[in-house]
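Trainee: I am new to this structure and would like to go through a few of its residues with you. Could we take them one at a time?

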Amino acid sequence: MEKNIVYHGSNVEVSVPRILQNGFYKDFGYGFYCTGYEKQAKRWAMTRKGDSVINHYEYKADPNLKVLIFDEMADDQIWNFVEGFIDGRISRRAFWELVKFNYPTHQVVFCTEAALKTLAFKGSEAL
């Protein structure tokens with residue numbers, strides 16, 4: 001089975017990923033969001049209040065799980081950054097870093113407990 005490294009940007013270390021249903025509905029619904037791009041995860045982490053932490057996971061594909069792949073999708077991230085800045089959730093410095101980073105983007109969402117078992121925590125780093 002193929003192994004890959006994926007990243008999760010947060011304000012804390014997340015050694016045990018969980019699917020949180022806290023009312024904030026993201027692009028693909030509730031789940032644990034990661035990216036294959038460390039730079040993108042850093043920018044995600046910068047949108048959080050408090051510390052900025054990049055979590056690293058090894059992903060090992062499970063052929064028994066259903067996987068949907070969308071090769072092309074609209075990019076509505078810029079509006080989310082504007083709203084975050086206006087609401088005071090994103091600093092001016094973080095806002096400008098985020099809007100500079102447009103492409104490429106990559107997103108993986110783990111929507112079930114079985115999907116989360118494909119991740120092995122490898123560590124984290126504070127920015």
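Trainee: Is F85 buried, partly exposed or exposed?

Mentor: Please keep in mind that this is a predicted model. Buried means under 20% relative accessible area and exposed means over 50%. The relative accessibility of F85 is 30%, which lies between those limits, so F85 counts as partly exposed.

Trainee: How many aromatic pairs are there, and is the pair of F85 and F95 stacked, tilted or edge-to-face?

Mentor: The count of aromatic pairs comes to 4. In the pair of F85 and F95, the ring centres are 5.3 Å apart and the planes stand at 35°. Planes under 30 degrees apart would count as stacked and over 60 as edge-to-face, so this pair is tilted.

Trainee: Which helices does that pair tie together?

Mentor: The two parts joined by the pair are 10 residues apart in sequence. F85 belongs to one helix and F95 to another, covering residues 92-100, so the helices tied together are α2 and α3.

Trainee: Is F95 buried or exposed?

Mentor: The relative accessibility of F95 is 12%. Because the limit for this class is under 20%, F95 counts as buried.

Conventions:
Residues are numbered from 1 along each chain as its sequence is written. This is a predicted model: local features need pLDDT of at least 70, side-chain atom pairs count only at pLDDT 80 or more; totals for chains, interfaces and linings use all residues. Side-chain values use heavy atoms; hydrogens and water are left out. Rings of Phe, Tyr and Trp (its six-membered ring) pair if their centres lie within 6.5 Å; planes under 30 degrees apart count as stacked, over 60 as edge-to-face and the rest as tilted. Helices (H or I, at least four residues) and strands (E, at least two) are DSSP runs, numbered from the N terminus. Buried means under 20% relative accessible area, exposed over 50%, partly exposed in between (1.4 Å probe, protein chains only).
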